[in-house]
Amino acid sequence: MKKILSIYPFVLALMIVSCHHPEGTFSKIPASESHVDFTNTLEEKPGLGILSYIYYYNGGGVATGDINGDGLPDIYFTANSRGNNKLYLNKGNFEFEDITEKAGVAGDADWCTGVTMADVNGDGYLDIYVCAVANLHGLTGHNELFINNGKGIFKESAAAYGLNFSGFSTQSVFFDYDHDGDLDCFILNQSEHPNQHIVDTANRRKFDINSGERLYRNDMVGGKGKFADVSAQAGIYQSSLCYGLGVGVADLNNDGWEDIYVGNDFHENDYYYINNHNGTFTESGAEHFRHFSRYSMGNDIADFNNDGQPDIVTADMLPGEERTLKTYGNGEHLDTYNQKITRNGYQNQYSRNCLQMNNGSGVSFSDIGLISGISATDWSWSPLLADFDNDGNKDLFVSSGIVKRPLDLDFVMFFANIRNPQAYGSPEEYQKAMLAKMPAGASHPFFFKGDGHLNFSDKSKDWGSEDLKGFFNGASYADLDNDGNLDVVMNCLEAPATILKNNAPKKNYISLIFSGTGMNTKGIGAKAYVFTRNRMQYQQLMLTKGFMSSGEPRLHFGTDSLGSIDSVLIVWPDQKYQLLKNITANQQIILKQSEATGCFIYNSFFPEKKPVAVDISSGVHFSWKHQENNFLDFNEQYLLPHLQSTRGPKIAIADVNGDGLEDIFACGASGQPGCLKLQTANGQFLETDSAVFGKNRQSENVDAVFFDANKDGHPDLYVVSGGNEFDDGNPHLADHLYMNDGKGHFSESINSLPVILKNKSCVAIADVNNDGYPDIFTGGLTTAKKFGFDKIPSYLFMNDGKGHF
């Protein structure tokens, strides 16, 4: 008995500790404690459901921000029903008070979507702008602007400010695009009937009253005036092709002016609007991005690899779980894709999350989503890049989940085979029958830990979100209790809103709050560069981010174990700047624009790095261009993991005419002969021997190499044939050996090679038997139309010393 009593205090202490330190980094705060009981419940209405409205399950947004100036972020949620938006006042210690009715912000639109907090009228208080979908399926209303009087009361004033747009709105951004000192408004809109709008991209210039984006210039002076629609003159697309679900604003090219990135659903490309400094924008996505997410949802812009360049993450719908992946209808046959996308002028798009790494001042972006490990988070909505563990590196949060999966292949097949919908009874009974066949799509929020380079690791289990199952839509992060850790708030469908408290082990941080001059009182658009030892972090203050949501107007930087910061460089929207040195961590710092001086010149602080390589193509007139032939492997074998016929083009380089200059042979696709270009003394390239190579134009050149086959001192040319199009035994699969006459002219050596009419992939040269003569290794690829069936041979050709093998 004495032994039992002796261990009881230890067990009790362990239980107490366990209660106060949840297993995961994040713990869910129960509604019974937080008093946040908001639930976004979809109301059943005739003619309104997932079968008629494609965005029925998109949910609502959430905004965080301090509406009463007490230093604690408050929370606003939007609902897909009239009068059910909620505003909660933060009372501290994760307790909130519902002040919706008293504040007058419940909303009067039938279907509210995105929400942004911003000081719209420049009086120092955060106002609330709520977007809405109207004018379809019987939905009525308009976007609403709730002006804060500073005493907890708001007045709906959208019409008075010229911002009462009524259409298919998703979200808004307030920022000073023309740098006149006040906040302008960009409104993101969605569209409908995607299959009817698969048309040439020239239709982007057509106007649609409900869809497309809108840009409103703030023309208020002294509290009078309103916002003016300048969309058309500013170069903003306003067509029904715009399926806008995500929008981010940042200075993506480091020219001191804010650019706009729009994420579009379905076949339309994402838009990259570059600010021209004169009140206009130029959409330039094709010049700077190689591809986009196919079904772009929300997005965020932040510097994830600490190189001082703003990067972009876009959310899509690719499942990571194998069973769901195999039933996910994420696209169509490639020839159908080409018919819809490429032939209509759209850029390539892939159904997965994209992490577009900025290669420097927005010149180009490289998608590394697959490499970084964040490409598949199921039906995703809100991606947020922030330092959740204060180690100085950006982590990634992604909200996920949909009530029903309309793209499930089994459901699609079932739906396609319905010949008589009336057989199910009333339209309501028909919809119930369809929903019963549509599988559920519950998921969990994802947390990825960033390493400050290119890699993210999934920490959903360790950080406590993997066990959360539901439909998580809009999301926002904020330090709700001012403890130095970023917490997360989510708007959920058919379930109470989720608040995740961050219990990460304490590390150092710094929080920056901006006090701007003029009407931009929160300093929206200000930039902060934080320098600690040999590293730098960068952020720009923008409130709208993720999906239909916005965050509080301050910047949070983790500094890991460092208790002091070497320096902080602040650049204000008017390009005045200030430099703070030797700053103690673990505090909030209020930065005042009135204390900034000078004029920030980016290249003075960050000198342009000389590129490792410079594109000189235009100067050398190398006019040859590879032209892929029209052959789709997937039409022959549906289960191929990827195309086997598009593995080129390869090149071979050597000085073939002994003039000391390197010449180039480029491999052609089937139907296009290979091309030999001789370099001239002035750096130009001239084509030669086109007739020689033209004789074998039907062969697909998959690799080539120069080597001295007959030991005469001149490089000869070996070209490998393959391509996965031709069956074994086809004469176009023969390889070709071209002999050099010593002057850079070639002729084909007939009967010098074994006749191997197989699909091949590569070539290597070596003297494998040490007889002084180079031998040839040719690698096999796959038997055409029989991928995975046969053992594929490779070949070793021995040189007889005379160039015969």
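Is phenylalanine 94 buried or exposed? Phenylalanine 94 turns out to be buried, with a relative accessible area of 5%. Keep in mind while you look around that this is a predicted model. The protein is split into four stretches, labelled domain 1 to domain 4, and it carries 15 helices and 52 strands. With a radius of gyration of 31 Å, close to the 28 Å from the globule rule for 805 residues, it is as compact as a globular protein of that length.

**Layout**

- Domain 1 comes in two pieces, 26-401 and 442-508.
- Domain 2 covers 410-437, domain 3 covers 511-605 and domain 4 covers 633-797.
- The C-alpha trace spans about 95 × 85 × 75 Å along its principal axes.

- Of the 805 residues, 57% count as buried.
- Take the contacts between residues at least 6 apart in sequence: 60% of them join residues at least 24 apart.

**Leucine 136, a loop residue**

- You'll find leucine 136 in the loop between β7 (127-132) and β8 (144-148).
- Its relative accessibility is 7%, under the 20% cut-off, so leucine 136 counts as buried.
- Leaving aside residues up to four places away in sequence, leucine 136 touches Tyr53, Phe168 and Glu192.
- Tyrosine 430 sits 294 residues away from leucine 136 along the chain, and the C-alpha atoms of the two are separated by 21 Å.

**Two residues with positive phi**

- Histidine 35 has a phi near 65 degrees, a positive value in a residue other than glycine.
- Look for histidine 35 in the loop between α2 (31-34) and β2 (62-65).
- Histidine 35 counts as partly exposed because its relative accessibility is 42%, which falls between the 20% and 50% cut-offs.
- Phenylalanine 94, back from the opening question, also isn't a glycine, yet its phi is positive at about 60 degrees.
- The loop between β4 (86-92) and β5 (95-98) is where phenylalanine 94 belongs.
- At 5%, the relative accessible area of phenylalanine 94 makes it buried, since buried means under 20%.

Definitions and conventions: Residues are numbered from 1 along each chain as its sequence is written. This is a predicted model: local features need pLDDT of at least 70, side-chain atom pairs count only at pLDDT 80 or more; totals for chains, interfaces and linings use all residues. Side-chain values use heavy atoms; hydrogens and water are left out. Domain bounds come from an automatic or database domain assignment. Helices (H or I, at least four residues) and strands (E, at least two) are DSSP runs, numbered from the N terminus. The radius of gyration is taken over C-alpha atoms; the globule rule is 2.2 Å times the number of residues to the power 0.38. Buried means under 20% relative accessible area, exposed over 50%, partly exposed in between (1.4 Å probe, protein chains only). Contact means heavy atoms within 4.5 Å.
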